[in-house]
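Me: I'm new to this one and would like to go through it slowly. Could you show it to me before I start asking things?

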Amino acid sequence: MTEAVTSAEGSAHHAAASYSHRRRTLALIAVALAFVIDLLDTTIVNVAVPSIGATLHAPKAALEWIVAGYATAFAVLLIVGGRLGDSHGYRRMFLTGIAAFTATSVACGLAPDTLSLQVARLLQGASAALMVPQVMALVQVMYPPEERYKVYTVFGFLGGFSAALGPIVGGLLIDANWLGLGWRLTFLINLPLGVISLVAGALLLPPGRGVHPVAVDLRGALLSVVLLFALLTPLIEGPSRDWPPALVLMLLAAVPLGWITWRHLLKRQAGHGDALVDPALFRLRKVGLGLLCTLCVNPIMPGYLLVMTFALQTGRGLTASQMAYACAPIAFGAMTGITLLGPRLNRRIGVRTLLAGIGVSATSLILCAFALDGDLSWPLLLAAQYGMGIGLGLCGPQLSFATLRDVPVASAGVAAGLLTTVQQVAAAFGVALAGLVFFHGLDATAAAGYQRAYLHVIPLLLGLLVVGALSAGRLVKAMRP
């Protein structure tokens, strides 16, 4: 497809064609700010979880939902959000999403009880699903192909750094306790940032829809929502409720639900060509291996941050600010992995950099276990946290590149949305599985109980990395010419 076609009159491409370099840069800053807000919000809540539990007297399952509910709602509605941008306009959906995200952030910050916060977090994730797909779509609209690589590099850096920066910002805000708001500041900080992005987006972003709008597969979206909640609800609620039959049946029901969802996607694609996800993508070898590897690697950081927060704050008595300092090496490690080590390793060993990242992550997890075994060893803990960040920075870009390497141009948008969806699903599963093991083995009557429960989670995370390494090895082989 030529640029002439993609710039059809009335489309966002056509509107952006006359943009000056300065306006494109300002518009990019507007959408990049929204991108950073979403990523910060994904991880900032981890440091706030103990404070939320103490303030709202929230049960453990509710705390897991506060973390995982956002990722779940975001994941299941992400591709729908992308399709809505194609059909109703990228700017319109971006502005709708950032406005809703800002409003639901305020609702989170003002939540009077646990249930209100859980509902607000789900709505916040749904709002992000409207907002985030438009970010990359608008990059494609505003920049010609030869200029997009530099922009994607910027977003890659912002992605890794913002995700790792979340716990640091959260810890500092909680201990700052401005106006006595405590953990509520971790959500209310989105209000000024969201308003800035909203106003800038309204003034700077190009209007118009995509050139080839695609109908939204509502039934496929609904089936996906039901399937994911059938999987996640038992994992999160089961341990605290001693696995009642209803939750066991719900987990078992996920198998036929998965089959029904798959059959619907096949039928919808064959009949209309607009299934929520084209099943043919899963038959591409690199896509299948990449998604499997993503399901094993991406749960590590969310699951680790959840249990490490409880082990250090509740078990060891660290303040939120001390937690921020403990997490700072993760951010610096991510910067090192993405900007320094990653490019150099990529030039030397190519996609095998992914295997190096998994190895660094596994080694760092083992070091974390030694750091917390007995007396807390700060030097070892900080070194391990730095290694976790490096592993994140080495794995992320390479895994995305390898997974999407052979996807046809016509399916590039849907494939990217699918990868992001799987990343978010993996994050939710990481929280659910780590929380399942951690809280099941937790003896809350003694401070050492949190430490022992944390150590129980390490083998789970290492096991996921082993499976991830095996699938990454096969992916590396598939990348060879």
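This is a predicted model: local features need pLDDT of at least 70, side-chain atom pairs count only at pLDDT 80 or more; totals for chains, interfaces and linings use all residues.

Me: OK, how many helices and strands does the protein chain have?

Reply: The protein chain has 18 helices and 0 strands. Its radius of gyration is 22 Å, close to the 23 Å that the globule rule gives for 481 residues, so the chain is as compact as a globular protein of that length.

Me: And what box do the C-alpha atoms fill?

Reply: Taken along the principal axes, the C-alpha atoms of the protein chain fill a box of roughly 65 × 55 × 50 Å. Of the 481 residues in the chain, 55% are buried.

Me: Switching to pockets: what volume does the second largest pocket have?

Reply: The second largest pocket has a volume of about 630 Å³, and 24 residues line it. Those nearest its centre are Ser-224, Leu-227, Phe-282, Leu-418 and Val-422.

Me: Which elements give two or more residues to that lining?

Reply: They are α4 (60–88), α10 (218–237), α11 (245–271), α12 (285–297) and α17 (412–440). The largest share comes from α11, which gives 6 residues to the lining of the second largest pocket.

Me: By class, what is the lining of the second largest pocket made of?

Reply: The lining has 19 nonpolar and 5 polar residues, and no charged residues.

Me: Let's stay with α11, then. Where is the kink in it?

Reply: The kink in α11 is at Val-255, shortly before the proline Pro-256, and amounts to about 30°. From its first C-alpha to its last, α11 reaches 39 Å with its 27 residues, close to the 39 Å expected at 1.5 Å a residue.

Me: Which residues of α11 are buried?

Reply: The buried residues of α11 are Leu-247, Ala-254, Leu-257, Thr-261, His-264, Leu-265 and Arg-268.

Me: Why might residues three or four places apart in an α-helix point the same way?

Reply: An α-helix has 3.6 residues a turn, so residues with that spacing point the same way.

Me: And α12, how many residues does it have?

Reply: α12 has 13 residues, and the distance from its first C-alpha to its last is 18 Å, close to the 18 Å expected at 1.5 Å a residue. Its buried residues include Lys-286, Val-287, Leu-289 and Gly-290, and Cys-293 and Cys-296 are also among them.

Me: Where is the kink in α14?

Reply: In helix α14 (residues 320–349) a kink of about 45° lies at Leu-341, shortly before the proline Pro-343. Just after α14 comes Gly-350, whose phi is positive at about 65°.

Me: What about residues that have a positive phi but aren't glycine, such as His-57?

Reply: His-57 has a positive phi of about 55° and lies in the loop between α3 (21–56) and α4. With a relative accessible area of 68%, His-57 is over the 50% cut-off and therefore counts as exposed.

Leu-179 is another residue other than glycine with a positive phi, near 55°, and its place is in the loop between α7 (145–176) and α8 (185–188). Leu-179 is exposed too, with a relative accessible area of 83%.

Me: Last one: is Ala-61 buried or exposed?

Reply: Ala-61, which lies in helix α4, has 4% relative accessibility and so counts as buried, the cut-off being under 20%. Ala-61 and Thr-314 are 253 residues apart along the chain, and their C-alpha atoms are separated by 16 Å.

Technical notes. Residues are numbered from 1 along each chain as its sequence is written. Side-chain values use heavy atoms; hydrogens and water are left out. On a 1 Å grid over the protein atoms alone, a cavity is a set of points where a 1.4 Å probe fits but cannot get out, and a pocket is an open set with protein on both sides within 12 Å along at least five of seven lines; lining residues have an atom within 4 Å of a point. Grid points are joined across faces, edges and corners, and a volume is the space filled by probe spheres set on the points. Helices (H or I, at least four residues) and strands (E, at least two) are DSSP runs, numbered from the N terminus. Ala, Val, Leu, Ile, Met, Phe, Trp, Tyr, Cys and Pro count as nonpolar, Asp, Glu, Lys and Arg as charged, and the others, Gly among them, as polar. The expected span of a helix is 1.5 Å times one less than its number of residues. Buried means under 20% relative accessible area, exposed over 50%, partly exposed in between (1.4 Å probe, protein chains only). The bend at a residue is the angle between axes fitted to the seven residues ending there and the seven starting there. The radius of gyration is taken over C-alpha atoms; the globule rule is 2.2 Å times the number of residues to the power 0.38.
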